[in-house]
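Q: Please walk me through this model one feature at a time. Give me the general idea, then the case at hand.

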Amino acid sequence: MRPRRLRSALTVLGAAATATALALGPAAPATAGTHGPAPAARAATAHGLTPVTDLLARRLLLADKVAAAKYGTDTPIDDPVREAQILNDVRARASSLGLEPDAVAAVFRDQIEANKLVQRALYARWDAHPAERPTERPDLAKEVRPALDRITTGLLAALRDTERVRTAPACGPRLATAAGWSAYTHRLDAPHLEGMGRALPSVCAGPR
């Protein structure tokens, strides 16, 4: 997505989230663990980019567990070795799905950076407010990374299934609307909304 279109999309993101909230009112899901939007709303969004943006939101929420696992330890937020492994893996899997490997790697690079943005925001919050620090340390290897791997598999499939929408000229506005919907249904707070904005730039692939 070009910078000007991206800025426009991010502006629409906030408006879309607000509009969705006003439209749904108290019937909206209370947490990310609920059953999701009403059937009519699901039907209205099923053919757009919400399958992608819902997975982006779920990945951003997992940043909380990643941060909780690392906070107060010697494990840094940046993990170049792990990041390279993820990008090499998705490039290989993209080819098998008929997707352009570098374009898919760009999407996942954005997800990695978005995740780290949320982690840094959480670190700053916990440093400033010790009472909010996590009381449990999730297991990165056994709990968090398997969940991230499942989202990776789902996101690759969603990128394949939405390729026509993502390469269409109207992808930017559609992406912003879908992101607004997902931000609302998953109740993303300010750091996670900022993360969602960082996760979006490479989703719209543009014409080949």
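Predicted model: local features only at pLDDT ≥ 70, side-chain atom pairs only at ≥ 80, totals over all residues.

Q: How many residues does the protein chain have, and what share counts as buried?

A: The protein chain has 208 residues, and 44% of them count as buried.

Q: How do I read the fold, and how many helices and strands are there?

A: Helices (H or I, at least four residues) and strands (E, at least two) are DSSP runs, numbered from the N terminus. The protein chain has 9 helices and 0 strands. Its pattern along the sequence is α-α-α-α-α-α-α-α-α.

Q: Back to Arg 145. Which residue forms a salt bridge with Arg 145?

A: Side chains of opposite charge can pair when their charged atoms come close. The cut-off here is a side-chain nitrogen of Lys or Arg within 4 Å of a carboxyl oxygen of Asp or Glu. Arg 145 pairs with Asp 79, with closest N and O atoms 3.5 Å apart. The two come from distant parts of the chain: Arg 145 is in helix α6, Asp 79 is in the loop between α3 and α4, and 66 residues separate them. Asp 79 is partly exposed too, at 24% relative accessible area.

Q: How many salt bridges are there by this rule?

A: The count comes to 12. One of them joins Lys 65 to Glu 143, where the closest N and O atoms are 2.9 Å apart. Lys 65 sits in helix α3 and Glu 143 in helix α6, so this pair ties together parts 78 residues apart in sequence. Lys 65 is partly exposed at 36% relative accessible area. Glu 143 is partly exposed at 36% as well.

Q: Which residue does Arg 82 pair with?

A: Arg 82 forms a salt bridge with Asp 149, at 3.5 Å between the closest N and O atoms. Arg 82 lies in helix α4 and Asp 149 in helix α6, so the bridge ties together parts 67 residues apart in sequence. Asp 149 has 41% relative accessibility and is partly exposed.

Q: Which residues are linked in a network of salt bridges?

A: The network links Asp 78, Glu 83, Glu 113, Lys 116 and Arg 120.

Q: Where does Arg 59 lie, and what is the nearest side chain of opposite charge?

A: For charge, Lys and Arg count as positive and Asp and Glu as negative; His and the chain ends are not counted. Arg 59 lies in helix α3. Arg 59 is buried yet has no salt bridge. The nearest side chain of opposite charge is Asp 149, 7.3 Å away. The Arg 59 side chain does reach the backbone oxygen of Gln 111, at 3.5 Å.

Q: What is a cavity, and how many of 30 Å³ or more does the structure hold?

A: A cavity is a set of points, on a 1 Å grid over the protein atoms alone, where a 1.4 Å probe fits but cannot get out; lining residues have an atom within 4 Å of a point. Points are joined across faces, edges and corners, and volume is the space filled by probe spheres set on them. The structure holds 1 cavity of 30 Å³ or more. The largest cavity has about 220 Å³ of space. Its lining has 16 residues, and Lys 70, Arg 82, Asn 115, Gln 119 and Leu 148 lie nearest its centre. The elements giving two or more residues to this lining are α3 (50-70), α4 (80-96), α5 (101-128) and α6 (140-161).

Q: What classes of residue line the largest cavity?

A: Ala, Val, Leu, Ile, Met, Phe, Trp, Tyr, Cys and Pro count as nonpolar, Asp, Glu, Lys and Arg as charged, and the others, Gly among them, as polar. The lining has 7 nonpolar, 2 polar and 7 charged residues.

Q: Last, the backbone. What is phi of Arg 187?

A: Most residues other than glycine have a negative phi. Phi of Arg 187 is near 55 degrees, a positive value. Arg 187 is in the loop between α8 (171-185) and α9 (190-199). Arg 187 is partly exposed, at 45% relative accessibility.

Technical notes
Residues numbered from 1 in each chain as written. Heavy atoms only, no water. 1 Å grid on protein atoms, 1.4 Å probe; cavity = no way out; pocket = protein on both sides within 12 Å on 5 of 7 lines; lining within 4 Å. Buried < 20%, exposed > 50% of the residue type's maximum accessible area, 1.4 Å probe, protein only. Polar contact = N/O pair within 3.5 Å; in protein donor to acceptor, adjacent residues only side chain to side chain.
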